[in-house]
Amino acid sequence: MRELGTVLIVARSGPEWAAIAETLSDEYDYRVLTADSVDGALAALADAHVDIALVEYGAEAKGLKLLVDMRISHPDVIRILALDAKTELGQREMAPAGIHQLIRKPLDARQIGLMVERGLEVRELARRHRLLTREFKFPANAAGIHTRHALPLPPESRRFEKLVYVSEKLHDLCELARKAAKTELPILVQGATGTGKELLARAIHYNSGRRDSPLLVQNCGGMSDELLQSELFGHKRGAFTGAVSDRLGLFRAADRGTVFLDEISEVSPSFQVSLLRFLQEGEVKPLGSDKIVTSNVRIIAASNRSLRALVATGVFRQDLYFRLRGFELEVPPLRDRPDDIPVLAEFFAAKHSDAMGRKILGISAAVLEKLVGYEFPGNVRELENEIRRMVSLTEEGEYLTTKHMSPAILAAPPRRLNSSAGYSLQGTTLKEKVECLEKQVVSEVLSRHRWNQSKAANELGLSRVGLANKIKRYSLDEAQ
């Protein structure tokens, strides 16, 4: 089934809402997330990319308050408010929420399905309008259309929940992660600090069969065995000094859901034994208890150190390593995927300009050139912090320029991007070697741009006709 978007329903449980969720999922091919409280809705919004929020007004107008907050925190989400037939609201109460549509009970599932379709169409038209006004430099209100402040994402960008990318490396990783999400196997995510391992884990959970159950997170770094045992397995009152009440533990609290264990490489050898037993049997024995209970939890573990190397030195148990790596995903550092830097910069500029209520026109080419040429030892986290700093220094209606950049990045010498790595020269004469290299370069650029010949020709400095002649001359084929 092809999912066309994600709808978040925030309402009390009941047959009416269950029928709406089923219709949106089965007949309209939308992915449907549900929450029965404001806290549940905020958790879903934090973890998954949501397109439309259908919110019940609820007691004490909590639903309306949620939509008001979402207008600031998640301006891209289309907001729909459902009211009881007897509830009356004036324009003054509704205006702060920026509601797309107001509907009254009793609700019709197919009518809501059509409303969701039209809402997504309107948002796409607004996005295209923003792209055209930027390209042709029309005033934003030339057609009488009100547009939000956020910068549009480049149209060639792709998403896996809250991961944004264009590079082939991350595309291949996310495709493998999507397949892994459909299984019940444990997943080991490795990569340097700041590369987005937790975002990947959250995306996996929300694309798995466990998405309606909790995702709970525990950082294992710098914790004693007793404290970590208590956090994960729970404890009984009086089990140790300070245990003044029973604690359920994350493994039991996340039953039928997912637990994300960050910095798994930091746990002690003795705790590795406890974790291995849980992975093998699903057994939980709280501290101070003589009872063993079972819990059905999927483990996603992450490490910024190579577990394979730690196994080789005897620091990490080999049997636990093999248990954790049902799927092993390696998140590449940002320096190895410079193609992602411009689209991430645009995404973070849109995100933080919205959060600060500031209109930013775009990012200058000089800034993007500096960012692409920088090593980013702090990876995506460092890039986001830099863009957030730049947005905070930019005046209303300005572009982000090099004058807003931090001195360290501005003064850093550009790194050499070795685009010819991996090319092999064949032939005996100079002409044959040059033609061999040219064929490989043209083929690599076409493949990287998914055979978009306009983009490939622009990068190679050729006309469309010139590129077409190269393709014909070297018998290049998209299927190769």
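Predicted model: local features only at pLDDT ≥ 70, side-chain atom pairs only at ≥ 80, totals over all residues.
Lys470 has a relative accessibility of 18% and so counts as buried (buried is under 20% relative accessible area, exposed is over 50%, and partly exposed is in between, with a 1.4 Å probe and protein chains only). Residues are numbered from 1 along each chain as its sequence is written, and side-chain values use heavy atoms, leaving out hydrogens and water.

**Salt bridges**

The side chain of Lys470 meets that of Glu438 in a salt bridge, 2.9 Å from N to O (a side-chain nitrogen of Lys or Arg within 4 Å of a carboxyl oxygen of Asp or Glu). Lys470 sits in helix H19 (residues 464-473) and Glu438 in helix H17 (residues 430-448), so the bridge ties together parts that are 32 residues apart in sequence. Helices here are DSSP runs of H or I with at least four residues, strands are runs of E with at least two, and both are numbered from the N terminus. Glu438 is partly exposed, at 25% relative accessible area.

The model holds 21 salt bridges by this rule; here are three of them.

| Salt bridge | N to O distance |
|---|---|
| Lys470 and Glu438 | 2.9 Å |
| Arg118 and Glu121 | 3.0 Å |
| Arg337 and Asp340 | 3.0 Å |

Arg118 and Glu121 are 3 residues apart in helix H5 (residues 109-136), which means that about one helical turn separates them. Arg118 is partly exposed, with a relative accessible area of 39%, and Glu121 is partly exposed at 40%. Arg337 and Asp340, in contrast, are both buried.

**Aromatic pairs**

Which rings count as a pair? Those of Phe, Tyr and Trp (its six-membered ring) do if their centres lie within 6.5 Å; planes under 30 degrees apart are stacked, over 60 edge-to-face, and the rest tilted. The count comes to 8 aromatic pairs. In one of them, the ring centres of Tyr28 and Tyr30 are 6.4 Å apart and the planes lie at 10°, so this pair is stacked. Tyr28 and Tyr30 are both buried.

Phe233 and Phe278 make an edge-to-face pair, with 6.2 Å from centre to centre and 90° between the planes. This pair links distant parts of the chain, since Phe233 belongs to helix H8 (residues 225-233) and Phe278 to helix H10 (residues 269-281), 45 residues apart.

**The parallel sheet**

Now to the strands. An open sheet is formed by 5 strands with parallel pairing, in the order E2-E1-E3-E4-E5 (two strands pair if DSSP finds at least two bridges between them). Strand E2 (31-35) and strand E5 (101-104) stand at the edges with a single partner strand each, so one side of each has no neighbour in the sheet.

Strand E1 (residues 6-10) pairs with E2 in the parallel sense over 5 bridges, and Ile9 stands opposite Thr34 in E2. Helix H2 (residues 38-47) packs on the sheet, touching E1 and E2, and its direction makes about 165° with that of E1. Contact means heavy atoms within 4.5 Å; axes are lines fitted to C-alpha atoms, for helices over the stretch in contact, with angles from 0 to 180 degrees between N-to-C directions. Helix H3 (residues 62-73) lies across E1, strand E3 (52-56) and strand E4 (78-83), and runs at about 170° to E4.
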